[in-house]
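Biologist: I would like to learn how to read a structure like this one. Please take me through its features in turn.

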Amino acid sequence: MANVDILATMLLMGMILGFAGTGGSGFIIGILLAVFHVPVHTALGTSIAAMVFTTLSGSISHFREGNARLRSGLIIGAFGAGGAYAGTFVARMIAADQLIWLTSGMLFVSGLLIWLRTSKVFSSKERVLAEESDELKKVKFWMLAAVTGIVTGSLSGVFGIGSTPFIQLALLILFGFPLRQAVGTTMVVILPIALFGSIGFFQAGFLDFVLLAQVVAGTMIGSYIGAKFTKRAPKLLLRSAMIMTPIAGSLLMLVKT
């Protein structure tokens, strides 16, 4: 496939992922496996590394749009970074065929969980949050941040995904974030998780830098553009995008099997 086709595909993907507030590695993995026939471990390493750049671009855009709570996201993400790095050692020990099925199943469950939770959020009023400076002082916040970060980071490291639905669910349920802020802050959380996850895959030799450059070139631009529409989109459309993104990635992965 010509480079221009790869860039065009990744640009479109980036717009969708930026709009839905996802790092989108599951979606990227599905494309790499089904279309480009990349080995699964390399696909995981390349996709999570691409998330570093995609989420950086999307996080900046979401923060400027008022969708992201920067300090909370970075604190949760810092805990997640350790979990992600440790998780890559587990991924190395899983056979390729098993890893495809496990990652696909994880993505599908993620979509279902988002559907179940946002069906309640969608029909209820958004909770009013306390000032972040007060929130950060609470021991409960730090405990929840540690658990959320370590669990979601570990999932990212093992399966090469950003754990976006799990992070969004935690922000909605445990931290009481409004839907749009859950979307934007999720990208901030994913940033350190993706960084340390990619370091782990790089050390294992599962990172293709040429492919990474092609993926990043399209998704960074697309993610920045897509994030501009999150605040303006109807809640029903935003909710649908959050649900269908991981499910679409799951189905794409199964095409490979």
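**Reading a helical chain**

Modeller: The chain has 11 helices and zero strands; helices (H or I, at least four residues) and strands (E, at least two) are DSSP runs, numbered from the N terminus. This is a predicted model, in which local features need pLDDT of at least 70 and side-chain atom pairs count only at pLDDT 80 or more, while totals for chains, interfaces and linings use all residues. Residues are numbered from 1 along each chain as its sequence is written, and side-chain values use heavy atoms, with hydrogens and water left out.

Biologist: What share of the residues in the chain is buried?

Modeller: Buried means under 20% relative accessible area, exposed over 50%, and partly exposed in between (1.4 Å probe, protein chains only). Here 57% of the 257 residues are buried.

Biologist: How do I read contacts along the chain?

Modeller: Contact means heavy atoms within 4.5 Å. Of the contacts in the chain with a separation of 6 or more, 87% are between residues 24 or more positions apart.

Biologist: Where does leucine 11 lie, and which residues does leucine 11 touch?

Modeller: Leucine 11 lies in helix α1, residues 3-20. Leucine 11 counts as partly exposed because its relative accessibility is 31%. Not counting residues up to four places away in sequence, leucine 11 touches Gly218, Thr219, Ile221 and Gly222. Isoleucine 221 is 210 residues away in sequence, yet the C-alpha atoms of this residue and leucine 11 are 6.6 Å apart.

Biologist: Which residues touch the most other members of the largest nonpolar core?

Modeller: A nonpolar core is a set of buried Ala, Val, Leu, Ile, Met, Phe, Trp, Tyr and Cys residues joined through side-chain atoms within 4.5 Å. The largest one has 65 residues, and Met10 and Leu32 touch the most other members. With neighbours within four places in sequence left aside, methionine 10 is in contact with Ile31, Leu32, Phe36, Gln214, Val215, Gly218 and Thr219.

Biologist: How is the length of a helix checked?

Modeller: The expected span is 1.5 Å times one less than the number of residues. Helix α7, residues 139-159, has 21 residues and should therefore span 30 Å; its end C-alpha atoms are 30 Å apart, which agrees. Just after α7, glycine 160 takes a positive phi of about 70°.

Biologist: Is glycine 157 buried or exposed?

Modeller: Glycine 157, which is found in helix α7, is buried because its relative accessible area is 0%. Outside the four places on either side in sequence, glycine 157 touches Ala84, Gly87, Thr88, Ala91 and Phe201. Glycine 157 and phenylalanine 89 are 68 residues apart in sequence and 8.0 Å apart, C-alpha to C-alpha.

Biologist: How do I describe two packed helices?

Modeller: Two packed helices are described by the angle between their axes and the distance between the axes. Axes are lines fitted to C-alpha atoms, for helices over the stretch in contact, and angles run from 0 to 180 degrees between N-to-C directions. Helix α3 (residues 40-64) and α9 pack at about 145°, with axes 7 Å apart. The contact of α3 with α9 has 15 nonpolar, 10 polar and no charged residues; Ala, Val, Leu, Ile, Met, Phe, Trp, Tyr, Cys and Pro count as nonpolar, Asp, Glu, Lys and Arg as charged, and the others, Gly among them, as polar.

Biologist: Which helix holds histidine 62?

Modeller: Histidine 62 is in helix α3 and counts as buried at 0% relative accessibility.
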